[in-house]
Amino acid sequence: MRFALVVVLAMLTLMARAAPVTLEWDHLIPEDWNPEKEVNELAERINRTEDEDPEAMSIMDDIQALWNSAPLQQSLDDKDIRLTGFGVPLEGDADHVREFLLVPYFGACIHAPPPPRNQIILVRASGKGVPLDAIMGALQVTGTLKVTPEETEYGQAGYSMKASDVKIISEPMY
C-alpha cells in the first residue's frame, strides 16, 4: 500500500509540472507598455541630425536608456516556456556555444541599438551547447524563464533561461 501511495504521489508531481507554454515575442512585453510616442519623438530628433553630430550620439543614448528601462512581464517568472528566435553567441568553445542571447530577429544586438530588454533572453544551454555553425540560425529554445535582467556585451537582457532543449529550426541566414 505504501509503495502504491508513493507511485501515485510521484505521478501527480509529474502531472503538475505543466508542459512548456509556446510563446510569441509579444508575450514578453507587458500589455500596458507602448513606447511609440517616445520612439517617434526620438526619430524626429535624429532625422534632423547628421551621423557625426554629437546630438545624434545623445539621441542614440536616449534610445538605449528607453530600451534598458523597458518593463518586463513578471508573470512569466519561473515558467517553463518554448520560444523561437535567433542566437547571438556569447560563450563557448571552437565547436559549441553554451551561452547566447535569444532575440526576435536575425542580426539583433549586432547593430546599434539592440532591441529593448524585454526582447532579449540570456540563454545558458545544457550539455555541449549549440553547434557554433548553427547558433545564428533560427532556434527553438525550451526551458525555465527567469525575470532577471543581466547586462551583456551586446545589450541588456531582461530575461534569462536555463535551456533544457535547443532545436535548430533553420541554418544561419548569412
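Q: Buried means under 20% relative accessible area, exposed over 50% and partly exposed in between (1.4 Å probe, protein chains only). With that settled, how much of the protein is buried?

A: Of its 174 residues, 39% count as buried. Keep in mind that this is a predicted model, where local features need pLDDT of at least 70 and side-chain atom pairs pLDDT 80 or more, while totals for chains, interfaces and linings use all residues. Numbering runs from 1 along each chain as its sequence is written, and side-chain values use heavy atoms, without hydrogens or water.

Q: Thanks! How many helices and strands are there?

A: You'll find three helices and nine strands, counted as DSSP runs from the N terminus (helices H or I, at least four residues; strands E, at least two). Along the sequence they go α-β-α-α-β-β-β-β-β-β-β-β.

Q: Let's look at α3. Which of its residues are buried?

A: Those are A56, I59, I63, L66 and W67. Seen down the axis of α3, the buried residues fall within an arc of 100° (taken from the directions from axis to C-beta atoms), so they line one face of the helix.

Q: And what do they pack against?

A: The buried residues of α3 pack against α2, residues 36-47.

Q: Which residues are exposed on the other side of α3?

A: On that side, P54, M57 and D61 are exposed.

Q: Moving on, which residues touch the most other members of the largest nonpolar core?

A: L28, L83, F100, L102, I121, V141 and L145 do, in a core of 22 residues. Such a core joins buried Ala, Val, Leu, Ile, Met, Phe, Trp, Tyr and Cys through side-chain atoms within 4.5 Å. Two or more residues come from each of β2 (79-92), β3 (96-103), β4 (121-125), β6 (138-146) and β9 (159-168). There is also a second, separate core of eleven residues, V88, L90, V103 and L122 among them.

Q: What is I121 in contact with?

A: Setting aside neighbours within four places in sequence, I121 is in contact (heavy atoms within 4.5 Å) with W25, L28, L83, F100, L101, L102, L145, A157, Y159, S160 and M161.

Q: What share of contacts joins residues at least 24 apart?

A: It comes to 70%, among contacts between residues at least 6 apart in sequence.

Q: Last one: where is D78, and what is its phi?

A: D78 sits in the loop between α3 and β2. Its phi is near 65°, a positive value in a residue other than glycine. D78 is also partly exposed, at a relative accessible area of 44%.
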